[in-house]
Amino acid sequence: MIMDNELEIRLERIKTLCKQKPSHKEVLGFLKKVITAQAKAKADIKMEDVNIDQQIVKMKAKEGFPLLDKQALKFDVGLAKGLFKKMSQILHNRVPEDIEQINQALKTKELNIESLLKNTLRENGNYINNVAQRLRIKPAVISFLVKNTLKPFFEVYAEKIEDYVDQEHWLRNYCPICGSGPFMAELSGEERKRFLVCSFCGYKWRFVRIRCPYCNNNNQKTLRYFYTEKEGRAYRIDVCDKCKRYIKTIDAKELGMEVIPRIEDVGTMYLDILAEKQGYKRKEDTFF
């Protein structure tokens, strides 16, 4: 496969982190396989330009509705099935018994990939758990496969409609594109404006600097951050003592390069350990 420039940059960053943090080499290698498969699928996604009436855009922004209705998302079922199976292959070494169960269920048609994906888009919360229980596998395995299969389609859609978002006025704690929650934050520019990064479509949107992105707490006495002297100020943890959640934040200026959230997330797993030791929990699933 001929790699595009975006994928080359990502793979080079993974290579660098593997050298800097040998202990992360295995999980970074896993991430490399995931993003390479997704990039290949993304290159094959054909989606027409999206035109949204400005009145609808204004109404949704005013009422707090994301631009994308997940249930209305159209995707190439054949391409999605292929990516689902590729994700299964990548995950096989980690959870071989679960993947064998899934493969067997696909052969016997006990499991239908299209139905699985569409029910996820309908936000049928019990569907994945019911499937996992029926197949006697971990729900996290099905969730990983489904979300990483749908992710490239959401990314393409986000790229098509991102210009409709009013960054200065949305300022909500969920994505203006797809409505999903954030999994990381970024400080960008000379003014260190704060952006949240969507856990699903990857879109970055403006957010209030002093506010918890989960419970909207803005009491400075219960909001703080910390970082390690070894890694410096480029990577930090923002915590909320009201809801006991945390979010990892990357300072783009301190990092000195383009922030690639999924990769930096995996490269900073030590911060997750530090936060959890202090009694804080992460809100959103990640995609590695």
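**Exercise 1.** In which loop is the place of N216?

Solution. The model is predicted, with local features needing pLDDT of at least 70, side-chain atom pairs counted only at pLDDT 80 or more, and totals for chains, interfaces and linings using all residues. Residues are numbered from 1 along each chain as its sequence is written, and side-chain values use heavy atoms, without hydrogens and water. N216 sits in the loop between β3 (204–206) and β4 (223–226); strands are DSSP runs of E with at least two residues, helices runs of H or I with at least four, numbered from the N terminus. N216 is not a glycine, yet has a positive phi of about 65 degrees. Its relative accessible area is 35%, so N216 is partly exposed (buried is under 20%, exposed over 50%, partly exposed in between; 1.4 Å probe, protein chains only).

**Exercise 2.** Which residues make the contact between α4 and α6?

Solution. Contact means heavy atoms within 4.5 Å. From α4 come V77, A80, K81, F84 and K85, and from α6 I113, E114, L116 and L117.
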